[in-house]
Amino acid sequence: MEQLPLTPRQLKRALKSRRALKKSDMRITFQPPVRPPRPGIRVFPDPVKGTFIKRPSRSSRQAALAKIDETKLHGFLPDHLALNPHAPEFDKRLRRGKFFDPMRKLKKGEYMATTIFPPDQREVFSDTSFPWCTAGRVDVTGGSGSGVLIGPRHLLCASHMMTWNSDNTVNQITFTPSYFDGNAPFGNSGIVHWYAYRKVVGPNLNAADTEQDYVVLVLSNRLGDVCGWMGTRGYSDSWNGLAAWSHIGYPGDLTGAARPTFQNGISIDSTEGGDDPTDEGLLHKADVWPGQSGGPFFGWWSGEPWPRVTGVQSGQSPQTNTAGAGNDIPNLVITARNDFP
């Protein structure tokens, strides 16, 4: 029988009957009190364990590349997302002045970092169509960087962004695709595992650091099912000089790392890593600033509805900027996707 609300008379009668009960019959329950943490007790998520992958020997790398499951390197375009293979769009109603303008005139005695090669070609965007929604902000201990989805729950970013602990764990990380002014249109996720070849610790990086300055993070949520993900491909130095690459990142100078920027028409000037084609750092003059670390360098291939990532932003100097790349990135991606489908 459906329970009906009490009439005023019924309510008065019920209250009178309640007062007639003995105190010993009264039962009042409360939620358990929330106990504040004791001093010295960690109240934040525990550090995350991961796996260092032993890179195959140089003589066996070509054979390993031939055995790669190419389908594990494909991107994914969800049916519910619009495809925009052109430059991402920006809602003009959101336009505002630059957080930091590298073109401003300096006063006597002032200095400015020179990682922006005028004219600054980065464009702020607010486009959440594919593939722009696959990139996002990566929040780490004490700061933030950039990253991109390369699997259903797999994020590619820079190794030097991690807070590496002495026991080779990293502190918890939060990835928010299409982060914009604090908004998370697709939600966000922490991580449960990581894969890397090298523990890269900044702020100063040498050539060997930048060549392997990438890590694959396994997310706790399958954001890729909603946002899709970019494909992956190893870089070939035969592509040097082609103005075919694009980059997405969250720079601290333009928008305080609160909005993403896009630049295309980027060429790789040269590679470093000796004669080994599987171990390369990309030397380029794309406009980068701290906060863009970990952001993808990617290109489009004929017949594919998704771009493919070939490197991630690593370091900068007054002469050149660098990205970690090489054919070992696909190996790392496949290992992570096999272990954590």
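Guide: A residue is called buried under 20% relative accessible area, exposed over 50% and partly exposed in between, with a 1.4 Å probe and protein chains only. The model is predicted, so local features need pLDDT of at least 70 and side-chain atom pairs count only at pLDDT 80 or more, while totals for chains, interfaces and linings use all residues. Residues are numbered from 1 along each chain as its sequence is written, and side-chain values use heavy atoms, with hydrogens and water left out.

Visitor: Why is aspartate 253 called buried?

Guide: Its relative accessibility is 1%, and aspartate 253 therefore counts as buried. This residue lies in helix H5 (residues 252-255), a helix being a DSSP run of H or I with at least four residues, just as a strand is a run of E with at least two, both numbered from the N terminus.

Visitor: What makes the pair of aspartate 253 and arginine 122 a polar contact?

Guide: Their side chains are joined at 2.7 Å, and the term asks for a pair of N or O atoms within 3.5 Å, where within protein one must be able to donate a hydrogen and the other to accept it, and residues adjacent in sequence count only if both atoms are side-chain atoms.

Visitor: What makes H6 largely enclosed?

Guide: Because 9 of its 12 residues are buried, H6 is largely enclosed by the rest of the structure; among them are Ile329, Leu332 and Arg337.
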